[in-house]
Each structure stands twice: as C-alpha cells, then as structure tokens.
Amino acid sequence: MTIGGVLTMELLNTALESVVDLTVKQTYHELAKIAKDCAAAAVLISALVAVLVAGVLLLPPLWHLATAFLPQR
C-alpha cells in the first residue's frame, strides 16, 4: 500500500508540474515554483513514510533473527 501511495503521489506530482508548465509557459513565476516544490515535498514525505513503515515491519524480525545467532551468556 505504501508503494502504491508513493507511485500515486509521483503521478500527481508529474500531472501538477505539467499543468503548471502549460500555464506559465516558459516564463518564471514564483507561485509556479511554490506549487512544484510543494508537490515534490509531498512525494518526498510519502517516500519517507514508506521507508518508516518498512522499518517498523522488517526491523523486529531481523532483530530477532540476529539475536538468535548471538551467543547466550
């Protein structure tokens, strides 16, 4: 689900950037920059959340596996 969320955010980011580029054409506009930066930040946040979810799911079993091979005191 998190991978799907990241891909969805990336598609929305691409669509927003295309619409902004179409609207402002080849001129620079501060609001266009803000819109693009916000869309890119949304993609970054969704990717970070996906990594966090992966860590929560994978670290406990990996920790258990790693401690199983350590010598007991």
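Student: Why is Asp21 called partly exposed?
Tutor: Asp21 has a relative accessible area of 38%, and because buried means under 20%, exposed over 50% and partly exposed in between (1.4 Å probe, protein chains only), Asp21 counts as partly exposed. The model is a predicted one, in which local features need pLDDT of at least 70 and side-chain atom pairs count only at pLDDT 80 or more, while totals for chains, interfaces and linings use all residues. Residues are numbered from 1 along each chain as its sequence is written, and side-chain values use heavy atoms, with hydrogens and water left out.

Student: What makes Asp21 and Lys36 a salt bridge?
Tutor: Their closest N and O atoms are 2.5 Å apart, and a salt bridge requires a side-chain nitrogen of Lys or Arg within 4 Å of a carboxyl oxygen of Asp or Glu, so the pair qualifies. Asp21 lies in helix 1 and Lys36 in helix 2, so the pair ties together parts that are 15 residues apart in sequence; helices here are DSSP runs (H or I) of at least four residues, numbered from the N terminus.

Student: How do you know that Asp37 and Lys33 form a salt bridge too?
Tutor: The closest N and O atoms of Asp37 and Lys33 are 2.7 Å apart, and both residues lie in helix 2, four residues apart, about one turn of the helix.

Student: What makes Leu58 exposed?
Tutor: Leu58, which has its place in helix 2, has a relative accessible area of 52% and is therefore exposed.

Definitions and conventions. Helix = DSSP H or I, 4+ residues; strand = E, 2+ residues; numbered from the N terminus.
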